[in-house]
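Student: Can you walk me through this one? I'd like to start with a single residue and then move to the ligand.

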Amino acid sequence: DGSKREECESLVIALGALVAPVRDGCCSLGAGSRFSGLRPLEGSALQSPRARHLCRRQSLRYTGAPYFAAISALKVGADLSHVFCTQEAAPVIKSYSPELIVHPVLDSPDAVQDVEKWLPRLHALVVGPGLGRDDGLLRNVKGILEASKARDVPVVIDADGLWLIAEQPALIQGYQKAVLTPNHAEFRRLSEAVLRDPLDSSDPHGAVLRLSQALGNVTVVRKGERDVISDGRQVLECSQEGSSRRCGGQGDLLSGSLGVLVHWALLAGPEKTDGFSPLLVAAFGACSLTRQCSHQAFQKHGRSTTTTDMVAEVGPAFARLFES
Ligand SMILES: NC(=O)C1=CN([C@@H]2O[C@H](COP(=O)(O)OP(=O)(O)OC[C@H]3O[C@@H](n4cnc5c(N)ncnc54)[C@H](O)[C@@H]3O)[C@@H](O)[C@H]2O)[C@@H](O)CC1
Ligand SMILES: Nc1ncnc2c1ncn2[C@@H]1O[C@H](COP(=O)(O)OP(=O)(O)OP(=O)(O)O)[C@@H](O)[C@H]1O
Ligand SMILES: [Mg+2]
């Protein structure tokens with residue numbers, strides 16, 4: 001709306017990295033092995049050459065995911081999008097796009113403080129895409145999540161961030177500005193860890209409702225052939241026509257764009273969201289947008305469609321779906 005840039009930033013955290021759209025953005029985080037919990041780092045374990053090497057290797061594997069989340073936040077409308085990642089991954093991510101602001105801090109011993117000082121400028125944090133499951137990185141992400149909650153910053157948690165939540169659900173329990181975006185496998189892992197029961201696949205709506213309730217009404221988006229969304233009170237389903245492609249990165253497009261939409265929906269407030277919770281409406285919007293991007297990209301590129309083609313459709317798909 002032409003307001004000055006400081007008012008329009010958003011944050012996304014991804015890839016052993018956090019992606020943060022400033023004044024319209026989001027971020028993502030991850031964790032270690034399923035039942036081990038996060039092992040406390042001894043002293044400054046991240047400073048040991050082996051630990052730093054492991055963190056870097058993990059982050060380098062998935063440099064695409066934080067890029068897709070961060071660029072999607074920009075394309076949806078964030079004025080600035082930050083990526084917080086490991087030192088070694090930073091030049092790789094930066095080289096994809098001059099438009100991203102990249103912070104090589106996530107494997108630093110001061111990672112939490114390095115990210116925390118940016119929090120006052122960030123409208124949302126997307127935690128998880130490409131993060132990996134290294135214990136040291138996850139421990140930093142845990143600290144960043146706690147700092148974000150203390151400042152009331154909205155968080156979207158995806159991918160490896162959900163691994164961390166499956167190990168430590170208390171991290172997000174009852175936080176009303178959190179949205180979780182699990183895919184098929186992530187939902188099963190999370191649901192079984194939180195509810196301590198095998199997943200009942202005969203009742204997809206009930207399963208999402210119960211998980212959200214068990215987490216204290218945290219909003220949950222279960223991605224799949226149809227996306228099922230719940231805040232523990234209501235359940236929405238998004239079955240906007242998409243495509244038969246399941247290219248890697250389309251979930252990152254969803255979480256990155258959701259970071260921005262969460263901020264806008266919270267700004268608008270419940271009176272403008274027809275009695276639905278703002279986070280539920282934002283989630284429905286991000287699912288619709290991702291599926292519409294997939295549909296449009298597939299019409300042009302068929303089986304060769306990739307997430308880069310979908311990102312190119314964010315503008316036209318947004319214009320088609322929403323008034324602005
Ligand atoms: N270009 C990149 O750098 C990308 C990196 N990614 C990152 O890769 C890491 C691992 O993510 P994964 O999604 O592989 O998570 P997981 O390591 O939990 O693996 C999910 C498993 O579930 C299976 N699965 C997924 N959807 C399914 C469905 N609908 N039905 C049945 N099985 C299904 C997959 O084949 C896989 O075996 C994350 O950090 C993620 O962000 C992905 O975001 C994709 C793109
Ligand atoms: N079977 C399907 N049919 C149609 N759309 C689908 C299907 N599965 C997923 N989608 C859509 O694709 C988008 C991303 O969901 P997906 O399950 O691919 O996420 P993901 O596995 O986390 O992706 P990523 O590879 O980025 O990690 C969502 O908008 C979802 O609605
Ligand atoms: Mg994913």
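Tutor: Leu 254 is found in helix α9. Helices here are DSSP runs (H or I, at least four residues), numbered from the N terminus. The model is predicted: local features need pLDDT of at least 70, side-chain atom pairs count only at pLDDT 80 or more, and totals for chains, interfaces and linings use all residues. Residues are numbered from 1 along each chain as written, chains are lettered from A and ligands numbered from 1 in written order, and side-chain values use heavy atoms, without hydrogens or water.

Student: Is Leu 254 buried or exposed?

Tutor: Leu 254 is buried, at 4% relative accessible area. Buried means under 20%, with a 1.4 Å probe and protein chains only.

Student: How far is its C-alpha from that of Ala 73?

Tutor: The two C-alpha atoms are 9.2 Å apart, for residues separated by 181 positions along the chain.

Student: Switching to ligand 2. Which residues are closest?

Tutor: Asn 183, Lys 223, Asp 227, Gly 251 and Arg 291, out of 15 surrounding residues. Surrounding means a heavy atom within 4 Å.

Student: Which helix gives the largest share of that shell?

Tutor: α9, with 4 residues. Both α9 (250-268) and α10 (278-301) supply at least two.

Student: What about side-chain distances to Lys 223 and Arg 291?

Tutor: A polar side-chain atom of Lys 223 lies 2.6 Å from a ligand 2 oxygen. For Arg 291, a side-chain N or O atom is 2.7 Å from an oxygen of ligand 2.

Terms used: A polar contact is a pair of N or O atoms within 3.5 Å; within protein, one must be able to donate a hydrogen and the other to accept it, and residues adjacent in sequence count only if both atoms are side-chain atoms. Buried means under 20% relative accessible area, exposed over 50%, partly exposed in between (1.4 Å probe, protein chains only).
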